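Good morning, colleagues. Please look at the chain on the screen while I describe its overall form and then some local details.

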Amino acid sequence: MMRSLYSGVAGLTTHQTKMDVIGNNIANVNTVGFKSSSVNFSDTFYQTTSSASGANADLGTAGTNAKQIGLGSTVAAITTNITEAGGTSTTNRALDIAINGDSFLVVRSGTGTYFTKSGALNIDDAGNLYCTTNGAIVQGWLADDDGNIIKDTVKDLAVMTASSTYYEPEATTAVTISGNIDPSDTDLTPTYDANGVPIDGGEVTTFSFYDNLGESYTVKLYISLAQDQTTGTVTYDVRVADVLDSDSNSIFVTSTTDATTGVTTYTANTNAVISFGGVEISGSQVTVDSTTGKMTLTCTADQIQQIQFSSSTGEFVSTTERDNAIYNGSAINFSVISVDGTNTGDTSSFPQHDTSTDEGGLNIYFNDLTQYSAGGSSKISSVKGDADGYNTGNKAGNMTGISIDSEGKIWGSYDNGLTKCLAQIAVATFANPSGLEAAGNSLYAASLNSGDFDGVGEEVSLSGSFTVGALEMSNVDLATEFTQMIITQRGFQANSRIITTSDSMLEELVNLKR
């Protein structure tokens with residue numbers, strides 16, 4: 001009877017443990033990333049009152065089984081249902097992520113490395129990406145200045161540093177002119193001087209570019225029909241008409257305002273020098289109306305470049321400048337050499353053309369132009385960059401926001417309209433994820449039975465993906481938990497009956513002698 005008492009006590013203890021686990025599951029039914037646990041029982045020690053014996057042919061007796069009395073139950077395992085995904089809750093926050101798959105976010109709390117399924121992230125005052133559930137800093141890989149992810153050992157994701165909150169300006173080094181020149185367009189016929197040099201008229205087109213400081217400039221070009229033509233091609237003259245700064249003021253014109261009268265007088269800026277097709281053009285060639293500031297730039301024959309089209313197909317043929325293997329006769333080089341006489345040479349904020357290497361400056365590509373009949377009207381446009389969209393340049397920008405994509409890459413958005421890859425979130429997978437030890441605050445720690453973390457991590461795409469703007473909720477199934485609660489209650493009740501019944505039997509034993 002004493003054995004039955006102990007069995008009943010063991011049963012009460014194990015069922016109490018199971019009830020504790022069920023209670024914890026239900027308490028965390030709305031905890032982000034929580035993984036429910038389940039309890040498995042096993043029988044415990046046995047008292048053997050008689051060992052098993054084999055058959056004896058000499059005595060003619062059969063074998064007997066061992067006689068064993070069990071001593072109750074014990075908790076065999078408390079298993080975390082870690083591979084079962086919880087439901088996805090949409091939050092529409094740019095920094096909330098749900099992990100699709102068996103991987104875990106890698107986080108640092110204090111000096112320890114932990115793992116979590118909670119993807120409720122934010123930025124702290126130091127610019128680090130952290131998990132709001134537990135305050136741990138998210139780990140991953142940072143990007144270099146070109147936005148390339150460097151996948152070395154994981155480190156704190158400091159995504160809002162002094163350098164990342166500012167987008168460096170970059171000079172434009174290529175411009176693409178596209179559209180169609182209609183040979184019947186009357187605007188293409190200019191006024192020529194005695195030497196056949198166009199001095200007035202032509203189809204106007206413009207393009208803009210950034211210098212090294214991110215300052216925007218606009219170049220005005222005239223495209224006109226050349227006076228001298230060759231068989232099989234149609235040739236057009238291209239000349240510079242003006243260069244304007246970001247305030248739409250010509251760099252070839254300076255203004256002076258009399259402090260007494262308030263009258264502004266305009267004069268030519270002789271310090272302004274540009275290069276077009278490798279030939280310099282200076283402000284000394286500009287005539288300016290001193291009252292209105294209207295200017296006229298007169299180019300010489302060698303300062304005018306040409307583009308050619310096939311007279312039979314209307315397709316672009318070549319330019320007369322930069323006809324080499326690199327540019328394949330498709331580009332004319334442009335650069336600002338000086339504006340005020342000081343911003344020049346190696347210290348210039350404008351990309352300079354090196355004639356010895358035929359590199360630098362800004363390449364104006366004309367090979368996207370065509371010459372088709374279009375009702376007598378030409379339509380010409382321009383975009384920054386080459387045909388592949390590179391070398392566009394950009395102005396400086398300040399960060400306006402941060403977002404995360406499905407691969408875990410963190411992007412910064414800037415007020416210059418550009419984005420930059422700042423870092424990538426790393427994840428960890430384990431051979432036995434159920435072997436991870438819960439550390440509280442939705443954190444798990446690696447154990448001897450879970451497998452080790454290599455310190456590098458992996459991309460989430462190797463084992464799943466991120467859903468942005470959502471969170472993985474608890475995987476607790478209330479229906480299952482309530483059912484287990486009933487079973488546990490009945491088990492606890494039955495074990496209590498063992499104790500009360502054993503107590504009654506002991507009471508009868510004591511009452512044998514009265």
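Predicted model: local features only at pLDDT ≥ 70, side-chain atom pairs only at ≥ 80, totals over all residues.

Residues are numbered from 1 along each chain as its sequence is written, and side-chain values use heavy atoms, with hydrogens and water left out.

The chain contains 2 helices and 40 strands; these are DSSP runs numbered from the N terminus, helices being H or I of at least four residues and strands E of at least two. Its radius of gyration is 41 Å, well over the 24 Å given by the globule rule for 514 residues, so the chain is more spread out than a compact globule. That radius is taken over C-alpha atoms, and the rule is 2.2 Å times the number of residues to the power 0.38. Along the principal axes, the C-alpha atoms fill a box of roughly 145 × 70 × 45 Å.

Of the 514 residues, 41% are buried, where buried means under 20% relative accessible area, exposed over 50%, and partly exposed in between, with a 1.4 Å probe and protein chains only. Among contacts with a separation of 6 or more, 63% join residues 24 or more positions apart, a contact being heavy atoms within 4.5 Å.

Let us turn to strand β11, residues 137-142. How many of its 6 residues are buried? The count is 5, and the strand is mostly covered. Strands pair if DSSP finds at least two bridges between them. β11 pairs in the antiparallel sense with β7, residues 104-109, over 2 bridges, and valine 138 is the bridge partner of valine 107. Another 2 bridges join β11 to β12, residues 155-156, also antiparallel; here glycine 140 stands opposite lysine 155. With β35, residues 419-425, β11 has 3 bridges and again runs antiparallel, and leucine 142 stands opposite alanine 423.

Finally, the loop between β37 (437-440) and β38 (443-445) holds asparagine 441 and serine 442. Most residues other than glycine have a negative phi. Asparagine 441, however, has a positive phi of about 60°, and serine 442 likewise has a positive phi of about 60°. Are these residues buried or exposed? Asparagine 441 counts as exposed because its relative accessibility is 55%, whereas serine 442, at 17%, counts as buried.
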